[in-house]
Amino acid sequence: MGKGETVKANNTNFLMKLVRNQCFIPLAALLLLVVINLVADPGFFKISLGYNAAGNPVLSGFLITILDSGSELAILAIGMTLVTAASGGQDISVGAAVAIAGSVLLRVLCGENSRPETLQAPIIVAFLVSCVVAMLFGAFNGVLVAYFKIQPMIATLILFTAGRSIAAWINNNELPVISDPSFKYYGEFIPGIPIPTPVFIAAICIIIIGIVLKVTNLRIYTQAVGINQSSSRLNGLNPALIKVLAFVILGLCVAVVGLIKVSRISSINYSVIAKDIEMDAILAVALGGNALSGGKFNMTASIIGAYVIQFLTTTLYKFQVQSDALPAYKAVVVIVLVVVSAPTVREYFSSLTKKLKLSKEVA
Amino acid sequence: MEDNIVLKMRNIHKIFPGVRALQGVDFTLRKGEIHALMGENGAGKSTLIKVLTGVYGKEEGEIFLEGNEGAVTIHSPQDAQKMGISTVYQEITLCPNLSVAENMFIGRTAGTVQNWKKMNTDTEKILQSLDIPAKPTQQLESCSIAVQQMIAIARAVDMDCKVLILDEPTSSLDEQEVAKLFKLMRDLRSRGVGIIFVTHFLDQVYEVCDRITVMRDGKLVGEYEIKDLPRVQLVSKMLGKELDDLSDIKGDQQAFKKEEGAVPVFEAENLASDAGIKPFDFHIDKGEVNGFTGLLGSGRSECVRAIFGADHVTSGSVKVKGKSVKISKPIDAMKNGIAYLPEDRKMDGIVGDLSVRDNIILAQQVLKGFFKPFSKAEANKVADEYIKLLNIKTASKDTPIKSLSGGNQQKVILARWLFTHPEYLILDEPTRGIDVGTKVDIQKLVLKLASEGMSVTFISSELDEMLRTCSRLVVMRDRKMVGELTGEDLNQKTVMSTIAGGDK
């Protein structure tokens with residue numbers, strides 16, 4: 001065999017591996033979106049440096065928008081992946097929970113007065129309080145699912161229904177507004193740094209979950225419970241506790257998203273904040289090729305999936321699709337992606353590539 | 001057809017892919033008799049019942065029913081019901097949230113209009129005539145399981161059933177409820193109903209049945225009058241050992257000698273669980289191999305599950321190496337050096353989608369703790385080691401365990417528990433459904449582990465295997481510990497007569 005042939009064989013091997021990799025579908029989708037945008041208008045990829053109202057240097061452009069507004073989705077995808085894997089179901093209350101977390105945050109910052117001149121508490125304290133609250137709500141969902149054995153979607157329907165009213169009630173249905181400019185740092189820019197802060201927050205979350213998956217047994221425990229509850233119990237695990245843990249981690253993700261969301265506008269709109277974000281988060285998990293029935297999961301693929309969804313949304317905005325019509329376009333893409341990533345279709349393609357390879361060898 | 005016969009099945013064959021489930025089975029049911037259908041796991045009892053009730057088709061054979069000219073074909077359970085064959089299962093298949101009367105008549109009324117008053121009075125009559133303590137308007141849920149079962153039977157009787165199949169009806173009943181059920185069965189017998197009674201409680205068979213049909217490995221062993229078949233004979237027929245030619249199996253095991261003054265590795269007193277076993281005492285010494293034996297459903301598995309904390313333990317005290325401990329869940333047992341290979345490999349053993357490597361390290365990983373994961377290199381090393389040690393045939397250690405053969409899956413689970421380096425290893429049916437070569441490997445491994453000082457409890461449906469490996473056998477019958485055999489008593493004859501409850 002010549003040297004060239006070995007390289008070629010290695011190449012096909014590499015290709016096969018790539019196609020089988022769970023990240024292949026979301027990455028391919030990303031590439032497709034990039035190509036479409038390149039063909040339609042290369043200006044899509046232009047990034048320019050300008051100055052914002054406060055006179056600080058900021059980067060702008062569609063790519064920055066995608067990274068910026070995809071942050072919330074990427075963070076929620078982390079928690080949603082774990083919940084899906086452990087419980088075999090999805091949490092549809094995250095949007096409402098974000099409203100609660102954001103509302104708690106503002107309540108602590110504002111104290112009694114809804115338009116304070118100065119912050120009534122340090123932002124970090126307010127954030128920690130909202131973390132605790134969001135994790136408690138996560139635990140509530142988790143307990144319903146794990147101990148009362150309610151279907152995750154039904155269990156979280158409770159908070160989905162009640163969450164936004166609870167959020168409004170926390171602030172006596174007033175709309176608190178924060179005038180302190182430092183509060184804006186978390187959702188916009190830190191003076192002197194031209195990249196939006198949410199990008200960094202998302203990056204930190206991704207790094208943290210990466211480390212957690214590395215230094216703890218979260219991955220194998222969650223997967224074992226999701227795949228076979230009875231046998232994981234006989235291996236000494238407590239399946240219910242692990243399910244609750246997944247929901248609590250999602251709660252933490254919710255609190256972080258709540259901070260970004262309210263910081264972006266220094267206020268809150270109870271009925272609009274993080275609306276429909278739960279569906280996008282679930283979609284990110286599905287797009288990452290993770291089984292929505294639980295079990296094995298690939299965190300990287302979910303996170304890429306989240307950014308793909310944001311890329312798609314931004315592309316559609318760019319093509320001036322009305323925001324009301326957006327879901328319909330998204331739905332078409334979802335159908336295509338879900339069908340392509342379905343195991344039966346993937347098996348068909350892999351057998352097709354094998355056949356091609358065989359016929360090549362014969363030739 | 002002779003006068004008193006209601007059902008005749010002749011030369012029934014049924015083939016599942018790769019398995020000949022029924023091979024030329026005959027079965028005859030007479031009017032007004034209670035006929036026990038007996039056999040161990042895989043004997044073909046349920047397949048035969050399912051052929052009779054139209055759940056399965058048959059490859060060959062004929063079924064004759066009283067009142068029908070020639071052989072009948074039963075296409076579906078509805079068909080069977082129309083022809084007068086009704087089945088009552090262990091789990092109630094009625095609607096718990098409907099009233100007793102509604103359950104009695106559901107799916108049986110032809111028109112669209114329901115005469116509720118008539119329905120209730122009719123039900124009242126039936127309940128009274130069969131002496132069933134329930135009201136027509138009562139919700140079914142509010143009746144005890146035994147009464148629900150009786151209502152299911154009453155429904156069958158009211159539908160003019162000639163053949164009533166009771167599939168393990170007594171498993172979840174207490175003694176008084178069983179007595180009531182038997183009264184109802186005798187009552188029906190006197191009315192001329194033919195009853196097929198599937199159970200694995202020997203005492204119950206001898207209490208109410210007239211005749212016994214024994215099956216083994218998909219074949220008919222024989223049909224016997226109850227008075228002609230002593231219990232020990234029945235057991236030997238079910239297990240497939242003729243009493244006359246009981247060869248003495250000489251095991252490789254040494255007679256176990258306890259070290260002077262050594263404390264047992266594990267000791268239990270009055271242990272019982274919610275799985276319905278009677279409280280039992282048990283102990284095992286260092287380096288000993290013992291076993292639980294008994295027929296299917298005798299409570300063998302439930303005992304070891306109670307030891308491991310797999311079922312909810314309701315009473316009893318446990319000592320590990322002389323120290324009192326509390327074992328209420330599997331992790332407690334694991335921390336005390338106990339390992340348990342469960343009977344149901346698919347449901348309780350493997351974690352299907354995970355790789356062979358992850359399946360091997362799982363238990364030890366849990367013991368090590370949440371914050372101390374094995375590095376990939378460590379895990380790979382361990383996996384390689386055990387794949388080689390137990391000769392596990394797998395494409396790689398990354399292969400999902402579900403794509404391995406049954407025997408190799410079993411070896412992976414065994415590897416998982418060996419890796420926890422237990423002092424006391426419980427193996428529940430480790431050799432079921434695996435090839436002969438692997439069986440011998442596992443038996444040898446058990447003896448080797450014991451010689452190295454591990455204590456092993458070994459459960460198997462195959463008596464030969466137990467006699468070959470165990471130096472002490474605990475005998476179970478009807479969820480009770482009924483005997484303990486050692487030394488000279490470890491032979492097939494004694495074991496079987498103990499299982500049967502004396503030479504009756």
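How many residues of chain A are in contact with residues of chain B, and how many of chain B? Keep in mind that this is a predicted model. On the chain A side, 18 residues take part, and they meet 23 residues of chain B.

Where does the chain A side come from? Two helices each supply at least two of its residues: α9, 218-227, and α10, 229-234, both of chain A. The largest share is from α10(A), with 5 residues. Now the make-up of that side of chain A.

Next, over to chain B and its sheet. Six strands build an open sheet here, with mixed pairing. Read the order with me: β6-β7-β8-β3-β9-β10. At the edges sit β6, 85-88, and β10, 219-225, of chain B, and each of them pairs on one side only. What about the angle between neighbours? On average, neighbouring strands of this sheet are turned by 20 degrees against each other, direction ignored.

Let's zoom in on one pair. Strand β3 of chain B, residues 34-38, runs parallel to β9 of chain B, residues 211-216. They are joined by 4 bridges. For a specific spot, look at B:Met38: opposite this residue stands B:Val214, in β9(B).

Last item, a helix on these strands.

Methods. Residues numbered from 1 in each chain as written. Chains lettered and ligands numbered in written order. Predicted model: local features only at pLDDT ≥ 70, side-chain atom pairs only at ≥ 80, totals over all residues. Contact = placed C-beta atoms within 7 Å. Pairing = 2+ DSSP bridges. Axes fitted to C-alpha atoms, helices over the stretch in contact; angles between N-to-C directions.
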